[in-house]
Amino acid sequence: MTLKTILLGAVSALAFSGLASAETLTIATVNNGDMIRMQKLTDDFKAKNPGIDLEWVTLEENVLRQRVTTDIATKSGQYDIMTIGTYEVPIWAKQGWLLPLDNLGAKYDQADLLPAIKDAVSVDGKLYAAPFYGESAMIMYRKDLFDKAGLKMPENPKWDFIADAARKITDKGTETYGICLRGKAGWGENMAFITALANSFGGRWFDENWKAQFDQPEWKQALSFYVNLMKDAGPPGASSNGFNENLALFQTGKCGMWIDATVAASFVSNPKESKVADKVGYALFPTSGELTNHGNWLWAWNLGVPAGTKKAEAAQKFISWATDKAYSELVASKDGWANVPPGTRTSLYTNAEYQKAAPFAAMTEKAMTAANTAKPTVKPVPYTGGQFVAIPEFQGIGTAVGQQFSAALAGQMTVDQALQGAQQLTSREMAKAGYPKK
Amino acid sequence: MATTHTHSAARLMMAPSVILLFAWMAVPLGMTIYFSFLRYNLLMPGMEEYTGFLNYQYFLTDPAFFAALTNTLLLVGGVLAITIVGGIAFALLLDQPIFGQGIVRILVIAPFFVMPTVSALVWKNMFMNPVNGLFAWISRSLGFAPVDFLASIPLLSIIIIVAWQWLPFATLIMLTALQSLDEEQKDAAEMDGAGAVSRFIYIVLPHMARAITVVILIETIFLLSVFAEILVTTNGGPGTASTNLTYLVYAQALLQFDIGGASAGGIVAVILANIVAIFLVRLIGKNLEA
Amino acid sequence: MARKVSTRRKLVMSAIAWTLGILIFFPILWTVLTSFKTEAEAVASPPSFLFFHWTTENYAQVQERSDYFLHFMNSVVVSLGSTFLGLLIAIPAAWAMAFSPTKRTKDVLMWMLSTKMMPPVGALIPIYLIFRDGGLLDTRTGLVIVLTLINLPIIVWMLYTYFKEIPGEILEAARMDGASLIKEIIYVLTPMAIPGIASTLLLNIILSWNEAFWTLNLSASKAAPLTAFIASYSSPEGLFYAKLSAASTMAIAPILIMGWFSQKQLVRGLTFGAVK
């Protein structure tokens with residue numbers, strides 16, 4: 001009896017009393033630079049929208065994805081606004097988990113959104129999430145090292161040229177590595193790059209009947225190219241390098257080239273963070289042989305609202321604030337134009353001040369317009385998505401395949417073994433998931 | 001009379017623990033077993049259907065399963081070996097009269113207080129990174145090529161990180177046991193002319209048997225479910241080189257969101273863990289219940 | 001009859017012990033040092049050990065970005081709460097097991113321990129659903145409940161092994177005097193058991209403080225403890241070693257300091273019956 005009373009007392013004493021006002025928006029977001037900046041600008045939003053308070057949950061990308069997916073799939077309603085990728089948006093929208101954003105306000109300029117990005121976050125012509133920043137992939141290279149080696153980067157290079165150049169620049173004695181590429185296993189890490197690479201070599205994940213295609217010659221060609229190149233001209237430990245690790249390597253002057261997301265450009269050219277800020281040049285994602293496919297990498301982080309929220313109006317007010325043109329101007333006035341979230345709006349790329357402040361602007365826009373997620377590779381595919389496949393099973397399969405490829409890069413298995421493993425596990429998982437679906 | 005009274009009182013006192021733990025075990029376990037027979041993907045609601053043993057079949061025939069099983073055992077065994085040997089060595093050292101004993105003890109037990117996520121992040125980025133890490137710098141200064149820890153020896157690297165976290169625990173238990181060893185016993189042996197080695201083998205080691213058992217038991221419980229360290233450092237790779245059972249279940253549950261598959265994996269892991277537990281009971285029974 | 005030890009031997013032993021001790025401690029020391037560097041210095045090669053430009057910039061940035069105090073308080077409430085609740089439930093159970101053991105006592109104990117062997121992620125979704133329906137997601141109460149349950153087996157077992165060392169005759173004597181059960185616990189058992197209880201308490205606070213799976217997955221903003229705080233600093237874009245180090249230092253400092261101050265109490269009872 002006494003025990004029970006004490007017990008109950010203890011529990012209730014610890015209970016958190018929920019005095020939060022009705023209009024507190026809980027926002028789940030990634031701990032990337034642009035989002036952290038958004039969080040810092042909270043006061044501006046609050047000043048313009050009295051009565052709405054913001055609560056931030058900032059997490060590392062993988063943790064965030066698990067948290068928001070679990071939350072939305074179980075309809076737990078812990079978040080009012082979620083930061084989600086272009087991978088999630090179409091899948092979630094089809095499940096009816098996202099609220100269509102039709103109340104962003106009269107001033108919100110939807111027509112200004114980059115068409116490729118707008119398509120990626122719309123289903124049946126309706127916007128289900130608003131893009132916060134977008135990216136494609138491109139080459140970032142060190143002009144000084146290219147000059148020293150007597151090389152000149154064409155604007156539209158071929159993979160053969162890249163491979164030669166990387167090997168020439170590499171000087172392991174001074175810790176200069178010709179090329180840095182992602183190698184860390186994960187569907188959003190090494191598989192993003194390798195899938196884009198395979199696209200440019202003419203490979204595809206699945207044929208029209210959802211049959212895995214890793215046994216095809218294009219994949220062998222692409223993967224051998226990648227593994228051999230990294231062996232000769234890549235940094236040590238490449239198989240655990242993802243975007244961040246490579247960024248750190250490039251910023252500290254250890255990479256001759258880095259092919260990755262276009263958003264990286266503003267980091268590598270920022271003199272506060274990068275030792276090589278004034279020496280960076282940009283070029284399009286390479287193509288292979290006669291093909292003109294630049295890999296079709298396209299990604300955006302977007303703000304979406306879970307269906308069933310009771311704060312739809314406030315949530316859309318916030319999204320409108322964070323993704324409209326006025327936000328770009330706000331960031332520009334505080335931190336300069338180079339730090340404006342890139343890759344979502346046409347107007348940004350016609351803005352003279354932005355072009356002046358961001359030497360990478362033109363190349364970013366070119367890369368983004370070149371990306372076509374509906375037709376990622378030459379051969380027909382049953383899926384959409386450039387550097388990913390927009391089906392729910394892809395996260396698991398992509399990561400498992402990524403592990404195989406990462407093992408090939410680490411030299412723990414041969415390219416053939418890795419492809420065989422990838423083929424086998426993909427077929428297994430697809431069979432388990434019941435593909436081909438009608 | 002007194003005995004009956006005591007026994008019923010005892011039962012009453014045990015009740016909250018037993019009932020709570022039983023509920024904590026039975027409810028999720030029941031749900032997990034139920035889910036494990038369903039085709040249930042969190043991302044495709046409304047499509048749940050009974051699939052029999054399909055999830056088990058897939059989990060057990062997963063090419064990664066055998067690797068995960070081996071890695072789990074290697075991880076547990078490796079960490080146990082390092083922490084027990086290291087723990088005894090440290091305990092012997094700290095049992096000696098040394099200057100600043102208290103401070104050294106503080107230094108040695110410190111890793112025990114560090115969150116697993118933090119220690120994995122620190123080891124990965126600041127020590128084992130082959131370019132910016134401290135180890136790479138040391139080996140370059142000595143004229144060697146830096147070791148790419150997480151790619152070439154992933155499992156060993158994780159064993160090192162986890163062992164670093166658990167070494168303090170082992171040291172403390174061993175030290176307590178060692179300090180309870182009768183000085184006179186040691187002295188007597190010394191007078192008999194026993195050398196340091198034979199003194200250690202015939203007197204100290206048998207005395208520490210219980211401590212060693214305790215370390216094995218407690219650490220095994222925690223080591224079977226090592227997860228954060230793997231997630232932060234290698235993501236189970238390259239390939240499946242550092243995937244353990246817990247990580248494999250994680251991949252099903254939070255990457256694939258395949259709740260059916262993850263539940264089946266969880267059940268398999270529980271069964272395997274209980275086999276280990278039975279083995280441990282035997283061990284304990286012999287050593288702990290004198 | 002203490003043995004005489006030569007000063008030389010003591011010196012040699014001290015040197016070895018200090019070297020090893022510093023090696024073991026070095027990763028923590030290095031983290032703390034790095035937290036006072038600039039990001040560029042944090043990855044500089046050769047690394048600078050002490051002679052760098054000391055800055056508290058990283059701490060300022062971390063503080064600006066996250067509400068450290070909220071996370072800290074959540075960690076404190078959750079680990080203390082679950083520890084006290086756990087002790088409250090476990091002390092009677094351990095007492096009963098130690099002083100009126102039955103044939104099944106040992107099986108019950110082992111069964112309790114075996115509940116800890118299930119990989120937590122396997123049970124995540126069931127627990128998550130229960131928490132959602134019970135309104136426990138992102139509440140301190142919910143985290144207290146979960147942590148109590150996960151650590152209960154260890155608490156019971158640790159207390160049990162400690163209680164068992166208390167000679168039964170003393171209790172018999174107390175009973176002869178007509179002391180009631182409750183009194184027996186309060187006046188006889190408790191004082192003798194204090195060291196064991198204290199170190200169980202400390203060990204549990206440490207375990208709860210560092211538990212990262214459940215606390216991270218069952219909380220969002222209001223109840224998020226320091227483990228969630230760390231998750232917002234691991235691998236962001238750009239150079240992050242220094243900021244990560246600052247956040248790490250802030251997350252582990254409280255428990256490290258507590259551990260150091262209470263290490264005597266921790267050690268005294270941390271025997272798990274290993275000492276006869």
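**A helix pair in chain B**

Modeller: Where H3(B) passes H10(B), the crossing is right-handed, a term used when the near helix is turned clockwise from the far one by less than a right angle, anticlockwise being left-handed. This is a predicted model, in which local features need pLDDT of at least 70 and side-chain atom pairs count only at pLDDT 80 or more, while totals for chains, interfaces and linings use all residues. Residues are numbered from 1 along each chain as its sequence is written, and chains are lettered from A and ligands numbered from 1 in the order of writing.

The axes of H3(B), residues 63–95, and H10(B), residues 196–223, come within 10 Å and cross at roughly 145°; such axes are lines fitted to C-alpha atoms over the stretch in contact, with angles from 0 to 180 degrees between N-to-C directions. From H3(B) the contact draws on B:Leu75, B:Val76, B:Val79, B:Leu80, B:Thr83, B:Ile84, B:Gly87 and B:Ile88, and from H10(B) on B:Met208, B:Ile212, B:Val215, B:Ile216, B:Glu219, B:Thr220 and B:Leu223, contact requiring C-beta atoms, placed from the backbone, within 7 Å. These residues divide into eleven nonpolar, three polar and one charged, where Ala, Val, Leu, Ile, Met, Phe, Trp, Tyr, Cys and Pro are nonpolar, Asp, Glu, Lys and Arg charged, and the others, Gly among them, polar.

As for the setting, chain B has 13 helices and two strands, taken as DSSP runs (H or I, at least four residues, for helices; E, at least two, for strands) numbered from the N terminus. Among its contacts between residues at least 6 apart in sequence, 70% join residues at least 24 apart.

How values were computed: Two residues are in contact if their C-beta atoms, placed from the backbone, lie within 7 Å.
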